Amino acid sequence: TREAAVRGGFARVTPEALRALTDRFIEEYVQKELANFQDRSARFRYLFSRLRATAYTVVEESARELAESDFVPVAFELSFGEKGALPAVTVSEPDGELRVGGKVDRVDGWVKDGRLYVRVVDYKTGRKSFDLAEVRMGLDIQMLLYLFTLQKEGRAYFGQDVEPAGVLYLPARDELLAQERSVTPEKLAQERAKSLRRSGLLLEDPAVLQAMEHAALTEPQYLPVRVNREGDVSGSLATAAQLGKLGRYVDRLLHAITREVRDGVIDADPCCHDENDSACQFCDWAPACHFEDGRGDDRLHYITKVTAAEFFDKLDEEENHNG
């Protein structure tokens, strides 16, 4: 994707050239990382061929989206922390300091009125989706943390003031759908596109949304938004003010985590959507922990659904309470 962007954008790269680029980088990977590839087992070579097909799908799906967008990749595998392109996220308390490092799969940007609007993109091979209910429980804040850090620190790296435009999970898989044999190719394509729609949270700004996807305000295919017959846009959206509140919420969470690490808090405090989702079922430390839901103070914390309106109303309450 980096080379395709350098060649003038995905709209100018033919499908044949894109496939050739993908093949080239796969072969470079094989030569570097998989010595004696042809001597490997037939099963290994078969599984690798499946991965190659998935790579084609992910690259071509990303290219189709970016060909319909004014946002372009401005950074790949952007790292925070020691030896990173950007400093670690540092949270200071009076008697302690927490430093958080990590890596962003991709950062896309678009310039408007001299400011760089950025979105953080994370590739997901599973079915992980962005969920404000999890964020409410203090989970799944990594991409948000990087987004707001880019807002604060991005000028030094990009040379422009940075505005947060959102976060997106991009499905990095070749979707196989269970359908009736009689399903039409058109219907199958529609269902497949639906399953590969991105999830996330985006800035509620018509110009920004249209820059992300040219048809975002009429017939969006990729973004997690919907358009009704009256032309109203809804979905995973937040105003600039709401993103500001979300940034302050993430900051409060990090300070709370810093204090807990400093105080040695290691309570078993699992969160889950239901009992079958509980990490306790797979935890290697279960024999030492002895956590048992319902015994004494042991309680599973259930992640309950929350609408965007409910989520931001709660943030308002917290900010008013904290003064």
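Let me start at one pair of residues: Tyr123 stands opposite Leu170 in strand 6. This is a predicted model, so please hear everything that follows as a description of a prediction.

How many of the 10 residues of strand 6 are buried? Nine are, so strand 6, residues 162–171, is largely enclosed by the rest of the structure. Strand 6 also pairs with strand 7, residues 199–203, this time in the antiparallel sense and over four bridges. If you want a position to look at there, Leu168 has Gly200 of strand 7 as its bridge partner.

Now back to strand 5, residues 115–124. Strand 5 pairs with strand 4, residues 102–112, in the antiparallel sense over seven bridges. Within that pairing, Gly109 has Val118 of strand 5 as its bridge partner.

Next, helix packing. Two packed helices are described by the angle between their axes and the distance between the axes.

Take helix 2, residues 15–33, and helix 3, residues 42–67. Their axes come within 10 Å and cross at roughly 140 degrees. An angle over 145 degrees would count as roughly antiparallel; helix 2 and helix 3 are therefore oblique to each other. The crossing of helix 2 past helix 3 is right-handed. On the helix 2 side, the residues making the contact include Leu18, Thr22, Ile26 and Val30. Helix 3 contributes, among others, Phe48, Arg52, Tyr56 and Val59.

The other pair is helix 5, residues 142–158, with helix 8, residues 240–262. Here the axes are 10 Å apart and the packing angle is about 110 degrees. Angles from 65 to 115 degrees count as roughly perpendicular, and helix 5 and helix 8 are therefore described that way. From helix 5 the contact uses Leu144, Leu145, Phe148 and Lys152. Facing them from helix 8 are Leu243, Leu246, Gly247, Val250, Asp251 and Leu254.

Glu134 sits in helix 4, residues 132–136. Is Glu134 buried or exposed? Its relative accessibility is 11%, and the limit for buried is under 20%, so Glu134 counts as buried. Apart from neighbours within four places in sequence, Glu134 is in contact with Lys128, Leu139, Asp140, His273 and Ile303.

Last, the cysteines. A disulfide is a covalent bond between the sulfur atoms of two cysteines. How many disulfides are there in this model? The count is zero. Cys280 is in no disulfide, and the nearest cysteine sulfur, that of Cys289, is 6.5 Å away. Cys289 is likewise in no disulfide, with the sulfur of Cys280 as its nearest cysteine sulfur. The cut-off for a disulfide is 2.5 Å. As for accessibility, Cys280 is partly exposed, with a relative accessible area of 31%. Cys289, at 39% relative accessibility, also counts as partly exposed.

Notes: Residues are numbered from 1 along each chain as its sequence is written. This is a predicted model: local features need pLDDT of at least 70, side-chain atom pairs count only at pLDDT 80 or more; totals for chains, interfaces and linings use all residues. Side-chain values use heavy atoms; hydrogens and water are left out. Helices (H or I, at least four residues) and strands (E, at least two) are DSSP runs, numbered from the N terminus. Buried means under 20% relative accessible area, exposed over 50%, partly exposed in between (1.4 Å probe, protein chains only). Contact means heavy atoms within 4.5 Å. Two strands pair if DSSP finds at least two bridges between them. Axes are lines fitted to C-alpha atoms, for helices over the stretch in contact, and angles run from 0 to 180 degrees between N-to-C directions. Angles under 35 degrees count as roughly parallel, over 145 as roughly antiparallel, 65 to 115 as roughly perpendicular and the rest as oblique. A crossing is left-handed if the near helix is turned anticlockwise from the far one by less than a right angle, and right-handed if clockwise.
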